[in-house]
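Please read the following note with the model open beside you, and look up each residue as it comes up. The points can be taken one at a time.

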Amino acid sequence: MPELPEVETIRRQLLPLCRDQVIDAVTVKTPYLIKNCTAAVFCDALQGRRVRHLDRIGKYLIWECEGAYPVFHLGMTGIFLQDRRESRYPQHIHVEIGFESGQALYFQDMRKFGKIWLYPSYPEIPTLGTDPITGRITPAQLLSWLQRRKTTLKQFLMNQTPIAGIGNIYASEILFESSLSPYRKTDEVTAAEAQRLQRAIGRILNDAIERFGTTYSAYRTVNGQSGENQNFLKVYQREGQPCVSCGEAIIKTVMGSRSTFYCPRCQK
Ligand SMILES: [Zn+2]
């Protein structure tokens, strides 16, 4: 599933392809992906609009088009692809955005768990917490969030509030980086540990963005290429393999029906 680094990679690559372009025509091939209006309303609202900017909060991609704000959540397998004028039209395309310049972008989603909304102004997403890359979370802020909750660190990171954008892959990697067990109770975390966790969140997510995200299954960049971060994962999908730090075998467990990976020696 695309998490913050994958959505941010897509945003950075899409931006130069669509900024200041005027939308000529939008085609929706799978209307039920649009959640708050009909496909006809969606297409009409975007026709003739100029794309001013692309923003991202957590895993949500927000298009700013002068009075129309389409919002995309990429679900399990959603990506954007640039039309590269290949003879074979790509599969699983649900939305096509054509520009007056003749260029086009495609929204592809194999599993069709993606979601799209249209808003007349910049959307408020009330169920969404602070973005850890653009939102600046201090160690003191993080500690106070942790102390006010009674859950495990893994669940805390995966919940989209108070921190938005982290999913299963990066939650495991962040906890390994901060030497904290996924089972640790949030209200037992010390100030020093909260500081380690805060640093690890920034480092793991920023490193993954620099490596164009993690390709584990469907995720590709806008150019159709794989990310590179899967080559740098230290615990995710490494069960039974030696910990890069201590040599102990990495353990795979299930928490809240999601697989979790950790080193039983390094993470306390
Ligand atoms: Zn270890």
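This is a predicted model: local features need pLDDT of at least 70, side-chain atom pairs count only at pLDDT 80 or more; totals for chains, interfaces and linings use all residues.

1. Residues are numbered from 1 along each chain, as its sequence is written.

2. The protein is divided into domain 1 (4–119) and domain 2 (139–262), with bounds that come from an automatic or database domain assignment. The centres of the two domains, taken over C-alpha atoms, are separated by 28 Å. Their contact takes 18 residues from domain 1 and 19 residues from domain 2, where two residues are in contact if their C-beta atoms, placed from the backbone, lie within 7 Å.

3. On the side of domain 1 that touches domain 2, the elements giving two or more residues are helix H1 (4–18) and strand S5 (78–82); helices (H or I, at least four residues) and strands (E, at least two) are DSSP runs, numbered from the N terminus. The largest share of that side, 9 residues, comes from H1. By class, the side has 10 nonpolar, 5 polar and 3 charged residues, where Ala, Val, Leu, Ile, Met, Phe, Trp, Tyr, Cys and Pro count as nonpolar, Asp, Glu, Lys and Arg as charged, and the others, Gly among them, as polar.

4. H1 is followed by Asp20, whose phi is positive, near 70°.

5. The largest nonpolar core has 68 residues, and those with the most contacts inside it are Phe80, Leu157, Ile166, Tyr170, Ile174, Leu205 and Val235. H6 gives the most to this core, with 7 residues, and the core draws at least three residues from each of domain 1 and domain 2. Such a core is a set of buried Ala, Val, Leu, Ile, Met, Phe, Trp, Tyr and Cys residues joined through C-beta atoms within 7 Å. Leaving aside its neighbours within four places in sequence, Ile166 is in contact with Glu3, Leu4, Leu157, Met158, Ala171 and Ile174.

6. Strand S1 (residues 23–28) and strand S6 (residues 93–99) pair in the antiparallel sense over 5 bridges, and two strands pair if DSSP finds at least two bridges between them. Within this pairing, Gly98 in S6 is the bridge partner of Ala25. S6 is also joined by 5 bridges to strand S7 (residues 104–109), again in an antiparallel run, and there Leu105 in S7 is the bridge partner of Ile97. S6 and S7 form a hairpin with 4 residues between them, and Gly102 in the turn has a positive phi of about 95°.

7. Val51 is found in the loop between helix H2 (39–46) and strand S2 (53–57). Is Val51 buried or exposed? Val51 is buried, because 24 other C-beta atoms lie within 10 Å. Although Val51 and Arg19 are 32 residues apart in sequence, they are 5.3 Å apart in space, C-alpha to C-alpha.

8. Some backbone details deserve a careful look. A cis peptide bond, with omega about 10°, joins Thr161 and Pro162, and Pro162 has its place in the loop between helix H4 (153–158) and helix H5 (168–177). Phe212, a residue other than glycine, has a positive phi near 65° and is found in the loop between H6 and S9, where Phe212 counts as buried because it has 24 C-beta neighbours inside 10 Å. Gln237 lies in the loop between H6 and S9 and has a positive phi of about 60°, although it is not a glycine; Gln237 is partly exposed, with 15 other C-beta atoms within 10 Å.

How values were computed: A residue is buried if 20 or more other C-beta atoms lie within 10 Å of its own, exposed if 12 or fewer, and partly exposed in between; C-beta atoms are placed from the backbone.
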